[in-house]
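This briefing accompanies the structure shown below. It is arranged by topic, and each point may be followed on the structure itself.

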Amino acid sequence: MISFEHVFKRYPERGEALSDLSFEMQAGEMAFLTGHSGAGKSTLLRLIGLLERPSRGQVIVNGRNLAALPRRKIPYHRREVGMIFQDHRLLPDRSVFDNVALPLVVAGLGQREIGRRVRAALDQVGLLSRERATPVALSGGEQQRVGIARAVVGRPPLVLADEPTGNLDPDLSREIFGLFERFHQVGVTLLIATHDLSLVMSMPYRTLTLADGRLANDSGTC
Amino acid sequence: MPKPKTSKRTPHRRSGPRLLDMPGLWANRHLQSAVATLGRLMHTPLPTGMTIAVIGISLALPAALFVVTENLRTMAGGWDQAAAISLFLKQDVDDAGAARLAEQLRARPELAQVHLISREQALNEFRALGGFEDALSQLKSNPLPAVLALYPQAVSSAPERLQALHDELMTLPEADFARMDTLWLQRFQAILDLAQRAVLLLGGLLGLGVLLIVGNTIRLEILNRRIEIEIMELVGATGAFIRRPFLYAGAWYGLLGGLTAWFLVTIAVVLLQQPVSRLATLYRSEFPLTGLGPLAMLVILSGSMLFGLIGSWVAVNRHLRGAEPG
């Protein structure tokens with residue numbers, strides 16, 4: 001599903017964020033990505049979602065070499081990658097329903113299909129009753145669940161999460177990770193960047209550890 | 001949305017819509033986007049209204065000048081019936097002599113028409129017109145000369161040819177003097193042509209103003225919705241999808257501004273109708289003021305819409321670059 005081959009990413013102002021990174025993830029796999037801040041976790045996820053391009057090396061996602069992907073095809077790639085952020089990235093002036101519907105609206109689906117899928121996604125994250133609320137009226141954990149619903153509503157084969165529980169207390173974090181496990185069980189590939197090590201340890205999944213832009217440890221190569 | 005097709009199309013959704021479904025889908029999306037954009041504009045009535053008013057007033061100015069020149073042109077058109085040259089005959093030429101001269105002049109190829117106003121007719125006309133009844137009845141003889149009103153052919157009505165004709169007529173033994181009547185009319189028409197050209201220039205200039213107004217409004221809107229645009233790009237919106245509402249907003253601003261301009265000019269025409277017809281009555285004539293015709297309205301609306309669209313297009317291309325990985 002994901003393949004990195006000798007990937008380098010250099011920022012002109014910060015220097016090297018990733019250097020010579022190579023790893024693979026199979027379809028349907030769930031893995032954690034850990035490492036101290038600035039180790040390159042976010043950069044790695046941004047390369048997969050094609051928010052950025054590598055300076056050198058190849059990134060292949062879902063059988064597609066991202067380096068060869070022309071600009072106009074980028075939106076279609078992003079529709080196949082659900083992205084979850086620490087700060088949720090929700091539209092504050094739109095209802096929960098509209099926020100979750102955004103990927104489907106953007107993809108040009110019909111009203112009826114959108115309604116059906118949005119409610120299914122909200123049901124999965126347990127927020128079906130809050131579809132008319134605006135994100136501001138929700139708690140941090142609820143907002144993050146809206147973000148998750150938005151990431152999965154388009155049924156992407158791959159979901160990326162960047163510190164999804166960064167602002168949440170342990171109970172809520174456990175709840176969010178429980179959701180991820182459920183997606184994993186239905187065959188979604190998940191890569192979750194987190195530094196919630198205790199939670200990572202308590203779950204039986206592969207963990208990739210980055211240090212200074214290199215792969216320092218890979219527990220359980222498949 | 002063609003419902004029966006929806007379920008069939010779902011598996012293809014990821015690779016984009018199928019070619020056969022494209023026209024309907026495309027039109028549908030555009031319609032949706034156009035209506036949604038109008039809804040969004042109406043959601044903030046005050047700023048939207050102000051932008052539209054600025055556009056409307058800018059366009060009302062050249063449109064009003066156009067109405068003025070068009071009306072002057074119609075008015076001048078009515079005077080085209082006037083004779084180009086009036087040839088006043090000497091007092092001692094009697095009506096029979098005048099008729100003979102008229103006959104001679106009719107034979108000339110450059111004259112389309114020669115109209116004889118005999119001394120008797122002139123007197124009657126003068127009587128009817130001026131209220132000089134009493135004064136005229138005091139006179140023993142008719143003091144008015146016979147007049148020949150000459151209407152040249154269209155090709156011979158150029159000022160220099162009229163002048164030549166005029167000079168030649170002056171040498172006729174029967175002629176007292178000849179007056180050129182339409183030279184001033186031609187000058188007036190030339191001024192009107194100039195004015196119309198000025199209206200066109202002004203229209204172009206203010207159209208450019210509309211372009212800038214809309215461009216700036218759209219630029220601010222793009223900046224205001226920066227976060228929303230980023231999120232839409234994140235979830236896979238194409239550049240076209242993001243640009244579309246802004247382009248529609250520009251077109252709406254233009255169209256509604258054009259409508260406002262039309263409305264303002266029409267109101268002005270209605271308000272001026274009465275004073276103008278009173279003035280016309282004082283000049284013993286009738287002059288119905290005409291407003292913007294359907295063609296002019298079409299030009300204003302489509303032109304302002306086009307300017308709005310171009311303005312937003314420029315802004316969108318400058319400020320929206322689409323999903324661009326760093």
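In this predicted model, Lys41(A) and Glu163(A) are both buried. Their side chains form a salt bridge, with the closest N and O atoms 3.7 Å apart. Lys41(A) belongs to helix 1 (residues 41–48) of chain A, whereas Glu163(A) lies in the loop between strand 7 and helix 6 of chain A, so the pair ties together parts that are 122 residues apart in sequence.

**Other salt bridges**

- Over all chains, a search of the whole structure finds 19 salt bridges.
- Glu52(A) and Arg46(A) are joined by a salt bridge at 2.5 Å, N to O.
- An α-helix has 3.6 residues a turn, so residues three or four places apart point the same way.
- Both Glu113(A) and Arg117(A) are buried.
- Salt bridges with shared partners link Arg94(A), Glu221(B), Arg225(B) and Glu228(B) into one network.

**The interface between chain B and chain A**

- The size of an interface is often given as the accessible area lost when the parts come together.
- Between chain B and chain A, the buried area is about 2500 Å², and carbon and sulfur atoms give 59% of this area.
- The contact involves 24 residues of chain B and 33 residues of chain A.
- How many salt bridges are counted between chain B and chain A? The count is one, and Arg94(A) and Glu228(B) form a salt bridge whose closest N and O atoms are 2.6 Å apart.
- Three residue pairs are in polar contact across this interface.
- On the side of chain B that touches chain A, the elements giving two or more residues are helix 2 (22–43) and helix 9 (226–234) of chain B.
- Helix 9 of chain B gives the most to that side, with six residues.
- The residues on that side of chain B comprise nine nonpolar, five polar and ten charged.

**Helix 5 of chain A**

- Helix 5 (residues 140–152) of chain A has 13 residues, which at 1.5 Å a residue should span 18 Å; the end C-alpha atoms are 19 Å apart, in agreement with this expectation.
- Twelve of the 13 residues in helix 5 of chain A are buried, so that the helix is mostly covered.
- Among the buried residues are Gly141(A), Glu142(A), Ile148(A) and Val152(A).
- The buried residues of helix 5 pack against several elements of chain A, including helix 3 (96–106) and helix 4 (111–124), and also against helix 9 of chain B.

- Is Glu221(B) buried or exposed? With a relative accessibility of 18%, Glu221(B) counts as buried.
- Glu221(B) lies in helix 8 (residues 183–224) of chain B.
- Not counting residues up to four places away in sequence, Glu221(B) touches Arg40(B), Phe246(B) and Tyr253(B).
- His319(B) is part of helix 11 (residues 294–319) of chain B.
- His319(B) and Leu223(B) are 96 residues apart in sequence, yet their C-alpha atoms are 8.2 Å apart in space.
- With residues up to four places away in sequence not counted, His319(B) touches Arg219(B), Ile222(B) and Arg226(B).

Methods
Residues are numbered from 1 along each chain as its sequence is written. Chains are lettered from A and ligands numbered from 1 in the order in which they are written. This is a predicted model: local features need pLDDT of at least 70, side-chain atom pairs count only at pLDDT 80 or more; totals for chains, interfaces and linings use all residues. Side-chain values use heavy atoms; hydrogens and water are left out. Contact means heavy atoms within 4.5 Å. Buried area is the accessible area (1.4 Å probe) that two parts lose on being put together, summed over both. A salt bridge is a side-chain nitrogen of Lys or Arg within 4 Å of a carboxyl oxygen of Asp or Glu. A polar contact is a pair of N or O atoms within 3.5 Å; within protein, one must be able to donate a hydrogen and the other to accept it, and residues adjacent in sequence count only if both atoms are side-chain atoms. Helices (H or I, at least four residues) and strands (E, at least two) are DSSP runs, numbered from the N terminus. Ala, Val, Leu, Ile, Met, Phe, Trp, Tyr, Cys and Pro count as nonpolar, Asp, Glu, Lys and Arg as charged, and the others, Gly among them, as polar. The expected span of a helix is 1.5 Å times one less than its number of residues. Buried means under 20% relative accessible area, exposed over 50%, partly exposed in between (1.4 Å probe, protein chains only).
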